[in-house]
Each structure stands twice: as C-alpha cells, then as structure tokens.
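Work through the exercises below with the structure in view. Try each task before you read its solution.

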Amino acid sequence: MQPPSRQPGGPPIWVGGRADAALARAGRLADGWISYVVTPETYRAGLEKIAAAAESAGRKIEHFGTGHLLFARLDETYDKALDAAAATLSNRYAMDFRRAAERYAALGRPEQVAARIRAFHEAGVRHLVLDLVGPYEERPKQIENFAREILSLLADLR
C-alpha cells in the first residue's frame, strides 16, 4: 500500500462503541477509543473497562488515544441551543432526540459549552470531534463563534 505509514508499526487503530463487548475489544486490540452519545461519567467508566480488558489480555497500554464525538450548539441561552439541537438531531435520527440532546450534548452560552467540554476532558477525553448541530446553513457561524468565544475558555487544556 502506498504511501507507506509514517510511523513504525503502521497507523494507530482506534475503535468505537459503548457496549461492553466493544470496550473489551478496545482493551484487547486497539490503539485508541472514540465514543459517541455518552456522558462524561459513562466515558470514565468505559476507560476503566478498557483498562481491565487490556490487563486481562496481558497488554500494557502506554499510549492509548481517547476521543469523543460531541454534539454542540452555541446560542444566547441553553433553551435556544437545546431547541436547535433537538430539532436537528430528531430529524437526523428520525426520533425525538430532545432528552438525548439534554443528556449528551454541550449546549448554551460559551461558559456552558466550555464546562461540558471540560467535564469530558476530566473524564479522559484528549481528542474531541465536534458535531455543531442546528440548521445546516448556520454551521459556518457556529464554527466562527466557537473559535472566537470558546477556544479561549479552554486554552489551558491544549
């Protein structure tokens, strides 16, 4: 395969999943884990299960990547952000996603979104994929606002 990998042993292989079987697989085989639709507490528990599976398999995990795909919406209020996120995600998944958006997303004013990201960082997330939800045509403005209003609140994490 060309071009060859840029590191000895090839590129790192990350896995996803929330089920115990997926977490055990990550511990036995993977170089990293990326989650989706979990809380910071669930994320931390997932890392513990991955570590236990690695130990059972006789693996020493010295360099293990941790990531999370986080739904996010920056707005004037939490409720406005929740409404926009719920509408987008309910349409995307063809089900009422309001309660899930409340539970899993980073929503609201810059301080609220930054606090949610910090909670995931404290749980062990080191790579974050943001899915900026809301009307698609507002995505460029969401990106600009995120960069301008939230990145400075998280500068100490970088």
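Predicted model: local features only at pLDDT ≥ 70, side-chain atom pairs only at ≥ 80, totals over all residues.

Residues are numbered from 1 along each chain as its sequence is written, and side-chain values use heavy atoms, with hydrogens and water left out.

**Exercise 1. The overall fold**

Task: Describe the elements, their order and the extent of the protein.

Solution: 
- Start with the elements. There are six helices and five strands. Helices (H or I, at least four residues) and strands (E, at least two) are DSSP runs, numbered from the N terminus.
- Next, read along the sequence. The pattern is β-α-β-α-β-α-α-β-α-β-α.
- Then take the extent. Along the principal axes, the C-alpha atoms fill a box of roughly 50 × 35 × 35 Å.
- Now turn to burial. Of the 158 residues, 39% count as buried. Buried means under 20% relative accessible area, exposed over 50%, and partly exposed in between (1.4 Å probe, protein chains only).
- Finish with contacts, meaning heavy atoms within 4.5 Å. Among those between residues at least 6 apart in sequence, 70% join residues at least 24 apart.

**Exercise 2. The surroundings of R73**

Task: Find the salt-bridge partner of R73 at 2.5 Å, then explore what else R73 meets.

Solution: 
- A search of the whole structure finds 10 salt bridges.
- Identify the partner. R73 pairs with E138, at 2.5 Å from N to O.
- R73 lies in strand β3 (residues 65–74), and E138 in the loop between β5 (127–132) and α6 (139–149). The two are 65 residues apart, so the pair links distant parts of the chain.
- R73 is buried at 6% relative accessibility. E138 is partly exposed at 33%.
- Widen the view. R73, D75 and E138 are linked in a network of salt bridges.
- Check the backbone. The R73 side chain reaches the backbone oxygen of V133 at 3.2 Å.
- List neighbours. Not counting residues up to four places away in sequence, R73 touches several residues, among them A81, L107, V113, P135 and Q142.

**Exercise 3. The partners of D131**

Task: Which residues form salt bridges with D131?

Solution: 
- Take R92. The closest N and O atoms of D131 and R92 are 2.6 Å apart. D131 sits in strand β5 and R92 in helix α3 (residues 78–93), 39 residues apart, and the pair links distant parts of the chain.
- Take R139. The side chains of D131 and R139 meet at 3.5 Å, N to O.
- Compare accessibility. D131 is buried, with a relative accessible area of 14%. R92 is partly exposed at 37%, and R139 is partly exposed at 28%.

**Exercise 4. A helix pair**

Task: How do the axes of α2 and α5 cross, and which residues meet?

Solution: 
- Locate the helices. Helix α2 spans residues 40–56 and helix α5 spans residues 110–123.
- Read the geometry. The axes come within 8 Å and cross at roughly 15 degrees. Axes are lines fitted to C-alpha atoms, for helices over the stretch in contact, and angles run from 0 to 180 degrees between N-to-C directions.
- Classify the angle. α2 and α5 are therefore roughly parallel to each other, a class for angles under 35 degrees.
- Name the residues. P40, Y43, R44 and L47 in α2 meet R116, A119, F120, E122 and A123 in α5.

Terms used. Salt bridge = Lys/Arg side-chain N within 4 Å of Asp/Glu carboxyl O. Polar contact = N/O pair within 3.5 Å; in protein donor to acceptor, adjacent residues only side chain to side chain. Parallel < 35°, antiparallel > 145°, perpendicular 65-115°, else oblique.
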